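Here are some notes for a first look at this structure. Please keep the sequence and the model open while reading.

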Amino acid sequence: MGTDYKAGLTKSEAGKRLEKFGPNCLTPPKKTPEWIKFMKTMFTGFALLLWVAAILCFLAYGIDSSKGDPSPDNLYVGGALTFVVIVSGLFTFYQENKSSKIMESFAKMIPPNGQGAQGRKGGGHRCR
């Protein structure tokens with residue numbers, strides 16, 4: 001990298017690199033909107049399989065009702081599956097939202113300063 005490990009960068013070299021590469025800071029990732037997080041908990045993995053099963057139960061009830069006197073069993077099972085998926089999705093969303101808030105609070109505790117040698121003096125760079 002063309003740097004003397006004892007003396008560090010000169011002010012002019014540090015300025016050139018700052019202009020060329022920008023500040024040496026990590027940028028936080030883009031946040032996912034809350035409604036997308038909620039939809040992911042409701043329609044991924046096993047929840048998606050339960051949604052398909054509930055739809056099939058409602059479809060079977062509809063077919064039975066078109067033939068005459070339907071049994072409400074498929075309607076009850078479809079309703080129970082829908083209830084389970086919604087309650088499970090809400091609980092999962094709540095837990096994930098709570099844990100992400102805790103992680104954000106940890107990130108706020110980390111100081112944004114870094115130390116480096118620049119022109120034989122201890123220099124610092126503050127990231128924002």
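1. Overall make-up. The protein has four helices and two strands. Along the sequence the order is α-α-α-α-β-β. Helices (H or I, at least four residues) and strands (E, at least two) are DSSP runs, numbered from the N terminus.

2. Ground rules. This is a predicted model, where local features need pLDDT of at least 70, side-chain atom pairs count only at pLDDT 80 or more, and totals for chains, interfaces and linings use all residues. Residues are numbered from 1 along each chain as its sequence is written, and side-chain values use heavy atoms, with hydrogens and water left out.

3. Surface and burial. The accessible surface of the protein is about 10,500 Å², and carbon and sulfur atoms account for 66% of that surface. Accessible areas come from the Shrake-Rupley method with a 1.4 Å probe; for residues, only the protein chains shown count as cover. Of the 128 residues, 15% count as buried. Buried means under 20% relative accessible area, exposed means over 50%, and partly exposed lies in between (1.4 Å probe, protein chains only).

4. Contacts along the chain. A contact means heavy atoms within 4.5 Å. Take the contacts between residues at least 6 apart in sequence: 56% of them join residues at least 24 apart.

5. Helix 4. How far apart are the end C-alpha atoms of helix 4? They are 55 Å apart, which agrees with the 54 Å that its 37 residues should span at 1.5 Å a residue. The expected span is 1.5 Å times one less than the number of residues. G78, L81, T82, V85, G89 and F93 are buried in helix 4. The buried residues of this helix pack against helix 2 and helix 3.

6. The nonpolar core. Which residues make up the largest nonpolar core? They are M42, A47, L50, W51, A54, C57, L81 and V85, eight residues in all. Helix 3 (46–67) and helix 4 (73–109) each supply at least two residues of this core. Helix 3 gives the most, with five residues. A nonpolar core is a set of buried Ala, Val, Leu, Ile, Met, Phe, Trp, Tyr and Cys residues joined through side-chain atoms within 4.5 Å. One core member, A54, touches G78, L81 and T82, not counting residues up to four places away in sequence.

7. T41. This residue is found in helix 2 (residues 34–42). Is T41 buried or exposed? T41 is buried, because its relative accessible area is 11%. Leaving aside neighbours within four places in sequence, T41 is in contact with A47, G89, T92, F93 and E96.

8. Aromatic pairs. A pair of aromatic rings is described by the distance of the centres and the angle of the planes. Rings of Phe, Tyr and Trp (its six-membered ring) pair if their centres lie within 6.5 Å; planes under 30 degrees apart count as stacked, over 60 as edge-to-face and the rest as tilted. The count by this rule is two aromatic pairs. F38 and F93 are edge-to-face, because their ring centres are 5.5 Å apart and their planes stand at 85°. F38 lies in helix 2 and F93 in helix 4, so this pair ties together parts that are 55 residues apart in sequence. F38 is partly exposed at 24% relative accessible area, and F93 is buried at 19%. F43 and W51 form a stacked pair, 5.6 Å centre to centre with 25° between the planes. F43 is partly exposed at 40%, whereas W51 is buried at 18%.

9. Salt bridges. A salt bridge is a side-chain nitrogen of Lys or Arg within 4 Å of a carboxyl oxygen of Asp or Glu. The count by this rule is three salt bridges.

10. Salt bridges within a helix. R17 and E13 meet at 2.9 Å, N to O. Both lie in helix 1 (residues 11–21), four residues apart, about one turn of the helix. E34 and K37 meet at 3.7 Å, N to O. Both lie in helix 2, three residues apart, about one turn of the helix. E34 is partly exposed at 34% relative accessibility, and K37 is partly exposed at 27%.

11. E104 forms a salt bridge with K31, and their closest N and O atoms are 3.4 Å apart. This pair links distant parts of the chain: E104 is in helix 4 and K31 is in the loop between helix 1 and helix 2, 73 residues apart. E104 is partly exposed, with a relative accessible area of 29%. K31 is exposed, with 67%.
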